[in-house]
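Welcome! Please take a moment with the sequence and the 3D view below, and then we will walk through a few spots together.

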Amino acid sequence: MSNTAAPISNRWTRLVGVQHPIVQEGLGPFRTPRLAAAVSNAGGLGTVSMPGMPEDIESGARTFREHIEECASLTERPFAVNIPVGVDAAGKVLPFTDSYIRMVLEARRSDSEIARRLTVITTSAGFPGEYVAMIKDAGMIHQHKVGTTRQAIKAAEAGVDVVLAAGFEMGGHAPAAKVHTYVLVPSVTEAVDVPVLLTGGARDGRGLAAALAMGADGVAMGTRFITSTANSDWHPAYIQALLDAKEGDDVAFDGVYGPCRGLRNAASEALLDHTSGDAPMDPVALVRWKIESMQRAQTTGDTANSIVMTGQVASAINDLVDVAEFVPRMAHEAADVLRNLVSSITVAEPALARA
Ligand SMILES: Cc1cc2nc3c(=O)[nH]c(=O)nc-3n(C[C@H](O)[C@H](O)[C@H](O)COP(=O)(O)O)c2cc1C
């Protein structure tokens with residue numbers, strides 16, 4: 001069987017115009033233009049991640065645009081950007097979100113090469129209501145990541161095109177409601193008519209097949225793509241720490257937008273127990289401390305004292321995959337799982353089963 005064919009196509013692959021229902025989701029506050037391009041070139045949907053929230057937001061937006069330009073120079077295929085919707089205590093959207101979304105729309109307006117490839121925007125964290133019309137008017141596909149069925153319904157009613165159902169086992173910024181994928185995904189797919197992607201815990205074709213069985217249209221992964229050879233932007237020690245992780249080595253602590261999942265170490269312990277470590281008490285300083293700590297882990301490989309974000313699935317990942325080979329293989333594996341399931345068990349005809 002040719003690995004370039006599309007073994008699974010559905011309404012989501014047709015909507016986005018990709019071969020495989022497999023997404024490399026946002027991995028902020030890190031650089032991911034090369035990883036995103038590799039995933040898109042492999043037939044999935046790669047995502048350029050938000051670069052963080054520097055004090056100078058305009059400089060953050062410039063960095064973000066450079067990453068988008070780099071990705072666009074490396075692939076001819078569709079790719080996405082991820083922008084978390086930060087909100088303040090009064091529910092007002094934070095300036096970095098507004099500035100990053102406007103930068104993306106302006107980048108597409110001013111550069112037809114970017115507009116042709118950057119066709120999807122994935123928002124996460126807070127409710128993106130005020131941006132839905134703006135994103136649609138710009139001709140982009142709007143995906144939004146949620147952690148509850150109620151949020152999924154609200155997003156679909158607001159007009160988003162795709163919902164990502166995020167289970168608590170996911171890496172990085174995890175949903176405050178702490179619902180796991182196996183509970184959340186069937187509830188979300190039942191509740192909304194738009195395509196749904198499972199995010200959290202997927203690592204191979206079995207996970208994709210399970211997501212499809214639960215009514216989802218694909219999977220969006222983070223940890224599996226960090227542990228790949230295309231991911232040259234991460235320090236090798238960070239990647240090795242994920243490969244070495246065992247069940248129980250991860251923990252959810254207080255993150256930037258809510259809970260955050262990462263490895264248990266001195267940095268996450270300091271966030272679990274506010275009396276230890278050097279985490280500052282002032283809330284604004286604390287957010288900056290966390291982001292710097294996350295970026296330090298990625299760039300210097302300090303996995304003992306900096307925040308190492310990862311999903312629970314790291315405990316089941318022991319090898320680096322080559323993205324070009326992995327993405328089509330995963331889609332073929334999922335198709336094989338679904339075919340073999342029907343041939344390896346006896347499923348009674350509906351009329352007989354009910355008799
Ligand atoms: C290192 C890391 C950084 C992440 N950063 C973001 C982010 O900036 N925005 C976001 O919406 N999700 C973020 N996530 C969540 C991922 O987009 C994805 O939903 C998650 O990794 C799925 O779970 P998995 O790791 O089990 O595949 C991050 C995850 C990781 C592991």
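Is Lys178 buried, partly exposed or exposed? Lys178 counts as partly exposed, because its relative accessibility is 48%; buried means under 20% relative accessible area, exposed over 50%, and partly exposed in between, with a 1.4 Å probe and protein chains only.

Before we go on, a word on the model. It is a predicted model, in which local features need pLDDT of at least 70 and side-chain atom pairs count only at pLDDT 80 or more, while totals for chains, interfaces and linings use all residues. Residues are numbered from 1 along each chain as its sequence is written, and side-chain values use heavy atoms, with hydrogens and water left out.

**Backbone features**

Lys178 sits in the loop between strand E7 (172-173) and helix H8 (181-191). Helices (H or I, at least four residues) and strands (E, at least two) are DSSP runs, numbered from the N terminus. Lys178 also has a positive phi, near 60 degrees, in a residue other than glycine. Ala125 is not a glycine either, yet its phi is positive at about 65 degrees. Ala125 belongs to strand E4 (residues 118-125).

For a cis peptide bond, look at Gly28 and Pro29, which are joined with an omega of about 5 degrees. Pro29 lies in the loop between strand E1 (22-24) and helix H2 (33-41).

**Inside and outside**

Here are some residues with their relative accessibility.

| Residue | Relative accessibility | Class |
|---|---|---|
| Cys71 | 0% | buried |
| Cys260 | 0% | buried |
| Thr199 | 5% | buried |
| Ala125 | 41% | partly exposed |
| Glu55 | 69% | exposed |

Thr199 is part of strand E8 (residues 196-199). Thr199 and Met103 are 96 residues apart in sequence, and their C-alpha atoms are 26 Å apart in space.

How many disulfides does a search of the whole structure find? The search finds zero, where a disulfide is a pair of cysteine sulfur atoms within 2.5 Å.

**A charged patch**

Glu55 is in the loop between strand E2 (46-48) and helix H3 (57-74). Together with Asp56, Glu58 and Glu292, Glu55 forms a negative surface patch. Patches are made of residues with over 30% relative accessible area and no salt bridge, with like charges joined within 9 Å and nonpolar side chains (Val, Leu, Ile, Met, Phe, Trp, Tyr) within 5 Å. A salt bridge is a side-chain nitrogen of Lys or Arg within 4 Å of a carboxyl oxygen of Asp or Glu.

Conventions. Areas by Shrake-Rupley, 256 points an atom, 1.4 Å probe, with all protein chains shown as cover. Lys, Arg positive; Asp, Glu negative; His and termini not counted. Charge placed at Lys NZ, Arg CZ, Asp CG, Glu CD.
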